[in-house]
Amino acid sequence: MRYITNYKIIITGILAFFAFSCSDSILDKDPVSSFSGQGFYKTSSDAQAGVYGIYDALQSTFRVNFAYWGEGRADAVATNHAGDPVALIQNNLTQSISSARWNNIYETVSRANYAIKYIPDVFENESEFSLQLIAQAKALRALSYFFAVRVWGDVPLITEPYESVDQEFFVPKTDKEKVLDQIVEDLIFASENCKDNFSGDKTRILFTKGGANALLTQVYMWRKQYNEAIESAEKVLDNSQYSLVSMNDWSKIFTSGYSNESIFEVGYNETQTNALRVLYALGSDSDYFPSESFKAAFEDGDLRKNLIYDTTNATPKKIWKFFGEGFSDESPDPSSNNIVLLRLADIILLKAEAHNKLGNNSEAIKLLNLIRKRAEIPELDETQATALYGSVESAILHERLIELSFEGHRWFDLVRTGRAISVMGPINGLSDEGNFVWPIHEDALNRNPSLQQNDFYR
Amino acid sequence: MHSYPLSRCKRELTKRTVLGILFLVCCAFSNGYSQNQSVSGRITDEATGEPLFGVNVIVKGTLNGVSSDLNGNYSIKNVTPENILMFSYMGFTDQEIRIGNTTEINVILIPSVDQLDELVIVGYGTKKKRNLTGAIVSVGSEDIDKSNLQDPISILQGRAAGVQVTSNSGAPGGGMSIKVRGNSSLNSGNSPLYVVDGVPIESSSLSSLNGSENFGLNPLADINPGDIQSIEILKDAASTAIYGSRAANGVVLITTKRGISGKAQVDLNISSGVSEIPRRLSVLNASQYRQVILDSYRNMDNPVTPNGIILDSLNPKNNGDVDWQKELLRIAPQNKIDLSVRGGTDDLKYAWSSSFLDQDGIILNSNYKRVTTRLNVDFKVSEKVTFGQSISYTNGVNNRINAGGTGNLSVIRELLVRPPIFAAYLPDGSYNGYQFGRRNPIGLAELATHLNKSNRVIGNQYVEYNILESLKLRSNLNLDYTSIKEDEFIPSTLDYREGYNSGSVRSINNLTWGNETFLSFNKQLGESHNLSALAGLSFQDWKYERVGLDGMFFSSDNITTLNGAGTISNQEVNITTEHSMLSYFGRVSYDYKGKYLFEANLRADGSSRFGEDQRFGYFPSAAVAWRFSDEAFLKNVDLLNDAKLRLSVGQTGNESIGNYTSRGEFMVGANYLDYSGAAPSVMPNSGLTWETTTQYNGGLDLSFLNNRLTFNADVYLKITEDLLYNVPIPRTTGFSYVTQNIGSIENKGIELSLNSRNLVGDFKWETNFNISANRNQIKELPENLLTNGFIQNGDFHILKEGLPIGTFYGYKFNGVYSRDEDNVNQVTNGALGQQFKGGDPIWDDVNGDNIIDENDKQIIGDATPDFFGGINNTFSYKGLSLGVFLQFSYGNDIYSEINHQRNSVVRYNNLSTDALDRWREQGDVTNFPKPVSDDPLRSDSRVQSRWVEDGSYIKLKNINIRYRFPDNMVDNLGMRKLEVYASALNVLTWTHYTGFDPDVNSYSGLREGIDEGSYPQSRTIMLGLNIGF
């Protein structure tokens, strides 16, 4: 008995020894609550999730910066708020201000690059579904780069995902025209392959053909390609999904979102929030309030005035546009409003501008009056427009100033139309075209020896 | 090679365990005795001739035992002539005497020639101290018991050469950092591997709430120091290589007390004490403060009127003159009870213990309660088979306050910088709430919930089978299971927003389990050859799971659980990560007459964390030692008892990176509104592998004067290559870093320790001294990582070739411009910035271009000490003993971020009394610049030498007085032992540092030597009673 047991022990011991010589399979530990990098894109739902992930990055990109980039350096806003707001309005941009960071933009680009590379592998055959996903990714990449070239000028152009340390990390700046070429290429793809529409509200917060065409219109206007701009704008205007809302519903474009006028807005909710209230509506401590010149710019009887800012005696004036007339809550909570990036009024006015540039003022005036009529201010003819604002173009830009106020257009309009120095010079001494771009953030320079600071800021 | 799936392995394991248990049950047997005679006698010390009291006299193989009285007399009944009496006494060689037909046996005990015969725990075994070939330092239970500390890491501070321990937080159960022979890793953790009774335990904080690292908890606090028999720290590669890829930072082996054969010994240890802050810092009072704020507005370029609220002394919210340290600090009681029972027979030995600790923190509303219980059993079922286990359970409840960092919620920061004018309470007795971005710290401490509740089981079961006399098979199953629940709630009373409250809950389960099976062989061949060998394999698996929710807008402050939340703002549902290792290890040792000793180790480790082609790493080591005192030419030197020279070389690894880093990661939860999204979160690097540390060690052990003086010295060189580092990469990649194997670090150093029994006899005096110096240097960093020649490491440190890791880098403060005209070179702040004026700081213009910018940053300090150590003196006379323990660190700098906060008017901070010397008007000569509200020069927040201070210190860490009552008196009370003691901790600190305590380290990682306002350490006085039956 004793011996047998001894043998048993020995045998068990030896067995155990070999049992644990089990091969490396023990060492295969796949992630449980996430996916391994290369292994993610496998099914069509992965592809869909990957694309939603790009929008997630977009939410971060625009939560504050749509205002810093688009309004912060222009004449419609005034501020007492230290940090970026004061630096921007006083034209004291430094390489440490937060709006000089491009991290979120490139995070969006990276996610888009992953999707664009891997989604084709998920589907055996090219399908409408896979193409529209790729088209959304390309549109989002184009949107990101379009902000990048307008904010920094030349920027590194990266169109492949990073998956290996053997890839080139230190990418130098690419000429902005080349970046714009890539943007146009992506947007043409998107305008051909995006879906016409999605069901319900989704159609306003995801990229559709309409969104791609609207963005393309902005890009062509930036590049002064007016014929192309008109062409893509027409595609938007002809799209039955989009119509100007009535004046009664005008506020709701921003306060409720998902309006018929909206072409693309970045969706937010209670937990995925943005900084609209901190930017515009804290009263005593918000980043921005309307400038004196902006308040004086309204024509008599403009119905939009009371909807845009606090016209009561209160000072400083809150910007009501995004929250509704009479809004008085001063808590610095995050906001859940969507941020409207592309809407029909913008495209109509851009088209008007393009016609004006091509000498077709009657068409331009017609489009301009569409917007004026809604606000119940007198429709103008060419002579009146010139008499009031100096030129038809100025009349259109004035209309953009009011209609699109605080939505992140003004600074880019000034730069695009060559008016930045004449408008901002008297306010903050802006005098050099090299100063139109932002400096590259010091962190980006520190991380990439191949990058050079933009000339003006060297 | 066989290829079994994991499940098969588990089945095999179960099968083997069951077989083993069956066998053990079959073979159990017991002995009986017959008794009739009695024996007595006197026991004396051979050296002095004095009687020895308290000598254990046991009839071998029985429970029958007594101890000698004060006069050295003993008497033992119920013995037979065949019995053998065993006489044992600490510090003396055991004696065994067969009784025969006599009734009187007088014994002369010989002082143990050698503490060198003591056994030291090494990886997978034990060794006689005299046969060690590596560098191992050992701390025994006596030091542990006398320290009166509540966790095993603190005990090592100053007691073990080469081991640097710093405090991350002085809160009860708060975090500690431990570093063995310097930092050998940039990114992957510098803490050693902890092995408790053969269980490799989780030693990093699992807390996930309230939990940035600078106020983490100490997971080792789950181990009751009272249970510990010894702590061994393995330092050189010869000792650690057997632990392979986890051993690059050293290995700490903790061994708990096991059962003893003989009569059951019951020990009860009760202690109570109080803690207080050893030092308060001076701050301005209300009127001094108001004046500074007024000055700070007046000093603006375009002065504006200060916010009325600050000046309005009639407003009940602002008419306070509050001493916040007085409001928030307190005298805090603590109580501890330890109860243990140890006993058994030769065949079944047990040690059971239980302890309860209730410790208040010195800051309002912080408290730690810990219950531990442990059972260690060794059961010899036959001559060949032993079965045993160690199992411990700990329940910890840590009621914390938010003490860390400089964030908006930190109570410590508010303790020092909250404006004195802010009333603590309003006239109606309610808290004075949120003001100017600041929450009321009393409210924060009293009303906010930060509760950490943990349950932990550490267990090890083994079967040992003596196949032959010289060949042993041991297999053990180990596990370490921790379950933590954390709750956080911040009520709306603390917020500025109506109804704005928030709460979080986390539930964490962490399990590591594994099996180690090894054969060990030990044989003496002939007279002079000793050979031993070890071969084994091990498997270890880790699984971490976390579930959590964050919520806000709770319907009421009275419902703090997440079901009351109006909005769920974040959910972490079932986050799970896993990791596994498979290892093979072996060792061969040989010695010739104990004079020439050799040892070689090899471990092969495979880890799931690394790229598929890089999974296995091989870690060899070899050591030789020469006991030259045994050579003929030294044989007759009486002065020298023992002398040994040791040399070792070997390699170890560091595998501490994210479980899935090498594969890259897509995270879920990158949602767009309600649509589930995923996004890349970790950039893959399929080539990732271990950090490899190559270490050379040379050691010398000398023992003089009949072993009264022993001296140990070690020198070492440690080179770590293939450092795992989160290399910052351009954000244009979409990632902020990628983990790579880069560069190398070198640590070299010297460790000396000296133990001397200065006086022996009735009055004894013993001194233990140790001192260590480590020089750390970054040898190589890849060119492409460097910006301006270095890597920025956090806000204050840089990593640069040729410099140590703890290097602070910033602007050098050269005083204050007395007048505008003193800026003769018209130095400006940046190329376009304004010119410095009177009252502004004078910055060292390194390149002399009269522009202060990034190019003028320089090295402004180093957090690593030149040397550190400790000295312990023990005096005893009969039953009375006094221990005095000093601990020191020299040459380390501290970057005092809290001093920055304390000397800057940002956000209406209160200032230290140094501000009374501030620059006020042209011509003032001072070193305190003018305070400027909303300072465009940002003079205070620059990283600068003004906030770097000498952190050298000598600390009277512990004084311990105890009296052990004479045994004859104790006998009459029916006791075995009675001891009373008093102990004082952190009694005095000599330092130039101006913060709370120079033993501070707000971050446990590489960013050493930062004081961000950690929970201060306390001075504690304890009284205790030790009763043994």
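This is a predicted model: local features need pLDDT of at least 70, side-chain atom pairs count only at pLDDT 80 or more; totals for chains, interfaces and linings use all residues.
User: How is chain A divided into domains?
Analyst: Domain 1 covers 41-164 + 173-241 + 419-452, and domain 2 covers 301-322 + 344-416.

User: How far apart do the C-alpha centres of domain 1 and domain 2 of chain A lie?
Analyst: They are 24 Å apart.

User: And how many residues does the contact take from each?
Analyst: Domain 1 of chain A gives 25 residues, and domain 2 of chain A gives 20 residues.

User: Which helices supply the domain 1 side?
Analyst: In chain A, H3 (65-70), H9 (209-222), H10 (226-237) and H20 (420-428) each supply at least two residues of the side that touches domain 2. The largest share is from H10(A), with six residues.

User: Switching to cores. Which residues touch the most other members of the largest nonpolar core?
Analyst: Ala139(A) and Leu215(A), in a core of 141 residues. Helix H6 (residues 128-152) of chain A gives the most to this core, 15 residues.

User: Why does this core lie between the two domains of chain A?
Analyst: Because domain 1 and domain 2 of chain A both give residues to it.

User: What is Leu215(A) in contact with, leaving aside neighbours within four places in sequence?
Analyst: Its partners are Ala139(A), Ala142(A), Leu143(A), Phe146(A), Leu187(A) and Leu342(A).

User: What other core lies apart from the largest one?
Analyst: One of 53 residues, including Val137(B), Ala241(B), Phe518(B) and Phe619(B).

Key:
Residues are numbered from 1 along each chain as its sequence is written. Chains are lettered from A and ligands numbered from 1 in the order in which they are written. Domain bounds come from an automatic or database domain assignment. Two residues are in contact if their C-beta atoms, placed from the backbone, lie within 7 Å. Helices (H or I, at least four residues) and strands (E, at least two) are DSSP runs, numbered from the N terminus. A nonpolar core is a set of buried Ala, Val, Leu, Ile, Met, Phe, Trp, Tyr and Cys residues joined through C-beta atoms within 7 Å. A residue is buried if 20 or more other C-beta atoms lie within 10 Å of its own, exposed if 12 or fewer, and partly exposed in between; C-beta atoms are placed from the backbone.
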